[in-house]
Amino acid sequence: MTANPFEGLLFDFLLEAEERIACVEAALLSLSGASPEDVRPILDEVRRELHTLKGNSGMMGLRPIQGLCHQIESDVEAIDPRDPRVETVLSGLDALRSALRSTSAEGAPPNGAEAQTTTAPSRKRDLHDAMRGSVRVPFTALDATVDLLAEMVIFKNRLSDAVSKGRLGRDQNRAWDEVVGAQEALGKTLGLIQDHVMRLRMVPLQSLFGRLRRIVHDEGERTGKDVQFEAAGGDTPLDKALLEVASEALGHMVRNAVVHGIESREIREAAGKPRMGLVRLSAEAHANEVWVDVEDDGAGVDHGELAAAARERGIAVPPGEEILQLLFLPGFSTHEGADLGAGRGMGLSAAVEAVRRLGGRLEVTTGQGLGSRFRVRLPLSVSISRALMLHADGEEYALPLSSIVESLHFHPGDGHLLNQSGVLSWREEVLPLLDLGHTFGTTAQMRSSGYAVIIEADGKRRGLLADELTGIRDIVVKQLDEAVGTPPGVSGSTILGDGRVVLILDPRGLMKIDPNIEQPA
Amino acid sequence: MTLNKILVVEDSELLHRMYDLIFMRYKAQGGTIIHAFDGQDALHRLADHPDVDLIVLDINMPVMSGLEFLLHCKREKVFESIPVIIISTEGKEEDTIRGLQAGARAYLTKPFQPTDLHKLIDRIFSRAEEPSRPVAKARGR
């Protein structure tokens, strides 16, 4: 058994494989609207991409993936150019995607071996996380940032020079002017770097189009409607963190457009509309916002039906255009059994809530018989910070990284009681312990095992007890709703890509909480 | 065996990285790897570097396929004598045959091991004086 010489390229392989699959998928989905003479070159492209992928998987020693590619190639061969049916190939691509996902979790096999891996567990985990959270950055953008860093170093040296001149006391006034000048230049460059780095986090909206196109295709197939998907403005940049939430919301919106917007073939024909329905997605960057529109040329929303549905549920009917906001209420639908959001991620109402929490808005415009336009307005920039994710009693919390001194395993017997409060001997100190579950009311007692995270704020230190640490994430910080108020020890909330709302801990606030665990019930 | 310039024609970035690893031994001796991403790109590179010692050529590429590139190459007097190794993938045997007919010196089928390519190169250059004859495929897994 030889070692796999290309094991170190697994990450590159996975990234390229994902791009090629997305490319194949987009090409296949474009077949439905293509003219007969365009079909052949599209299929050629599909074949070429798959063939390359097969060869690359072989070179990586990934036999099962190579075999899957081979199977999909045969399925593509079976496509009739006069009537291209792509369902089999699409499900093959799904299988390929999940095989790649498990490969990214397992690591590359040594050549010749099928199941064993030589990759250390920690590396596998890293690779998996890296795949999920990677951003492609143009080299020029990175270079510009490096240039700015070099500038920073120059200004920093100038500052040091000025400071040491001042210390020598020769020409104090001049030295002071130099200090001020260097400090200003440093600040300006730092601002530019911040701006550049934030821009590195931006991802073109285009990266969502493939997934949305697939949703339109699948829902069209499922409901027996002919729907064409058009997308424009793909180069509009959006922060990666916003993109995750936008992806969920837009997924619901295009699904909604196909299922509820576009009419059946018969109804469209009777209304003198083209048989093929249209769902159009377009994006545009404005001064401080990005607008993403999902339009359909379907039936539009019937105000009367909406009002009737509201009355049926005992909901007050809002006046005028505001009635459309009913569409975003949880579980609200004018179509019986049309609760399609169920079991698929977070549901439309939750998606809308996520957009709102990010400081975004949703607007609806509709014309009966003409179609609807759903507009998602997202802020361009958000406040992002890095946090450690903690679990306690099934609840998740985000703790800003900047406050963390150390985290350690907490075993039974590590904690002691001192004047009714838990304490931990840590290095030369005795630190008060704060159990997260106890602090936020999910448990009555201090836990005896798990993790202790030592935090520092205002010159004080404390240990936080939690069950698990689940990793470091970039979080989008939002203020909590005024109505909810901010409990002590909490600075705000954040919403994760899958819609879960997580409390952000406030280290300074946590220092002020009484660590006494013998509080009366 | 020293090679000064190797032209790699391949549309996959991943494969370019692999070739960088495979050809490390030539680079250590001062050799250069020139990367091209399709046939047309390769023709431009070749115009800039007519002194290339070896071309490693993928067949399956967008814009201009490896086969088309090979035909262009063999029509030019300057490039005609540069040895070409075709890299193909299982299931495209007809391309390999056409490539050899068009004047490629040898071929290798993916997946291959770095040593397979090294052996092939050694064999091509140890019989460089002989009239060009296809070298049998070296596949050992």
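User: What makes the crossing of α2(A) and α3(A) left-handed or right-handed, and which of the two is it?

Analyst: In this predicted model, the crossing of α2(A) and α3(A) is left-handed. The word is used because the near helix is turned anticlockwise from the far one by less than a right angle.

User: How do you know whether α2(A) and α3(A) are roughly parallel or roughly antiparallel?

Analyst: Helix α2 (residues 36-59) of chain A and helix α3 (residues 63-77) of chain A pack at an angle of about 165°, and their axes are 8 Å apart. Angles over 145 degrees count as roughly antiparallel, and therefore α2(A) is roughly antiparallel to α3(A).

User: Which residues of α2(A) and α3(A) meet, and of what classes are they?

Analyst: Among the residues of α2(A) in this contact are A:L43, A:V46 and A:L50, while α3(A) brings residues including A:I65, A:C69 and A:V76. By class, the contact holds eight nonpolar, five polar and three charged residues.

User: Why are α8(A) and α9(A) called roughly parallel?

Analyst: Helix α8 (residues 206-223) of chain A packs with helix α9 (residues 240-261) of chain A at an angle of about 25°, with 9 Å between their axes. Since angles under 35 degrees count as roughly parallel, α8(A) and α9(A) are therefore given that description. Their crossing is right-handed. The residues in the contact of α8(A) with α9(A) divide into nine nonpolar, four polar and three charged.

User: What makes β10 and β11 of chain A edge strands?

Analyst: Six strands of chain A form an open sheet, in the order β10-β14-β15-β13-β12-β11, with mixed pairing. The edge strands are β10 (404-410) and β11 (415-418), each of which pairs on one side only. On average, neighbouring strands of this sheet are turned by 35° against each other, with direction ignored.

User: How do you know that β11(A) and β12(A) count as paired, and in which sense do they pair?

Analyst: Two strands pair if there are at least two bridges between them, and β11(A) and strand β12 (residues 421-426) of chain A have four bridges, in the antiparallel sense. Opposite A:V423 in β12(A) stands A:H416.

User: What makes up the side of chain B that touches chain A?

Analyst: In the contact between the chains, 14 residues of chain B touch 14 residues of chain A. Helix α1 (residues 13-22) of chain B gives the most to the side of chain B that touches chain A, with six residues. By class, that side has seven nonpolar, three polar and four charged residues.

Conventions:
Residues are numbered from 1 along each chain as its sequence is written. Chains are lettered from A and ligands numbered from 1 in the order in which they are written. This is a predicted model: local features need pLDDT of at least 70, side-chain atom pairs count only at pLDDT 80 or more; totals for chains, interfaces and linings use all residues. Axes are lines fitted to C-alpha atoms, for helices over the stretch in contact, and angles run from 0 to 180 degrees between N-to-C directions. Angles under 35 degrees count as roughly parallel, over 145 as roughly antiparallel, 65 to 115 as roughly perpendicular and the rest as oblique. Ala, Val, Leu, Ile, Met, Phe, Trp, Tyr, Cys and Pro count as nonpolar, Asp, Glu, Lys and Arg as charged, and the others, Gly among them, as polar. Two residues are in contact if their C-beta atoms, placed from the backbone, lie within 7 Å.
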